[in-house]
Amino acid sequence: MRYFRCELHTHTTMSDGKMTPEELVARAAECGYAAIALTDHNTVAGVERAVKEGERLGVTVLRGIEWTTFWGHFTVIGGNSDVLWRDITPQNVSEKIARAQSLGDIVAIAHPRRMGYPLCSGCHCDYDIEKLTGADNYEIWSHYYPNEGVAARQQLEQWHSLLNRGIRMTAVYGYDWHNRDDVPSSYAYTYVGADSAKAEDIIRGLRKGATYVTVGVEVNCKAVCCGKEYQIGSVIPSGECEIEISCRPVDDYRSDKAKELTRAEIRTENGVRSVPIRFGEKIMTKATFARYCTVGIYGERKGEEQLLAVTSAFYSGGER
Ligand SMILES: [Zn+2]
Ligand SMILES: [Zn+2]
């Protein structure tokens, strides 16, 4: 298994994007993505063209759609869903999510706390989060300044509070790619752990919760328990393990690069603990948890200490 660079939230001229499906896929190839999901607003009109171009250029294109409703947006990946966005209401949203999942799709809560620019109907998630707890993925980071600003902080807090309550949502970034950005001012990647970059393997990796999001730092993180290794997203039988972490800069990351790392933050339902880490150094640190454990990587970027990468959780208890 290895981690593949993915972008799970994109648009084309079939909705309000500026690139045709072919242009988007060509750009994704240039940007080094192994896989992207095409998630146009309430339409799959561009999907087959994008899949075809992806086959030609060696980029996996996951079939998707963005349910774009007045109360919030969801990216739905897999291409199996028959749910119509206009039928979704605050009252039935959890049933619609469950319906899409039962057909084999993966549902993410998109940009839950982003206001949209200048003001975008439904960008900000106004659904009751209590009704969304069955969603698979949560966009903890979004758009151009993924790890900075109020929305990022609020989304991270909300995701932590879900994890604290035992709700298992996988962390993803959503570029919400609309434009042909030559040099993005700042953007992140979602890396997905999978056996290959084939669509079914990437979807399997997402379903397992094997992801991390990052602004230019490649993270190698696993849990070791009783001599056995567990990938991100796994359930650790005893909830007691050593977390192994090492990081290196992403070579072709085009935006501001982190100068050096400062610390790894181990977060569980019991609180947070920081351990020093530098680029190229492998650390092992103990973690004990009854619900979850995630790792945040901090370092110097743009002249301040920033959160540079976040892993989805390791879990304890039950099954995935
Ligand atoms: Zn949206
Ligand atoms: Zn979008």
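So, which residue bridges the zinc ion (ligand 2) and the zinc ion (ligand 1)? That's Glu66, and the two ions lie 3.3 Å apart.

Quick housekeeping. This is a predicted model, where local features need pLDDT of at least 70, side-chain atom pairs count only at pLDDT 80 or more, and totals for chains, interfaces and linings use all residues. Residues are numbered from 1 along each chain as its sequence is written, chains are lettered from A and ligands numbered from 1 in the order in which they are written, and side-chain values use heavy atoms, with hydrogens and water left out.

Let's take the zinc ion (ligand 1). Glu66 (OE), His73 (ND1) and His111 (NE2) coordinate it at 2.1 Å. Donors here are N, O and S atoms within 2.8 Å of the metal (3.2 Å for Na, K and Ca); water is not among the atoms, so sites may look incomplete. Along the chain, the spacing reads E-x6-H-x37-H. His73 is buried at 2% relative accessibility, and His111 is buried at 0%. (Buried means under 20% relative accessible area, exposed over 50%, partly exposed in between, with a 1.4 Å probe and protein chains only.)

Now the zinc ion (ligand 2). Its protein donors are His9 (NE2), His11 (NE2), Glu66 (OE) and Asp176 (OD), at 2.1 to 2.2 Å. Their spacing in sequence is H-x1-H-x54-E-x109-D. His9 and Asp176 are 167 residues apart, so this pair links distant parts of the chain. His9 is buried too, at 0%, and Asp176 is buried at 4%.

Conventions:
Helices (H or I, at least four residues) and strands (E, at least two) are DSSP runs, numbered from the N terminus.
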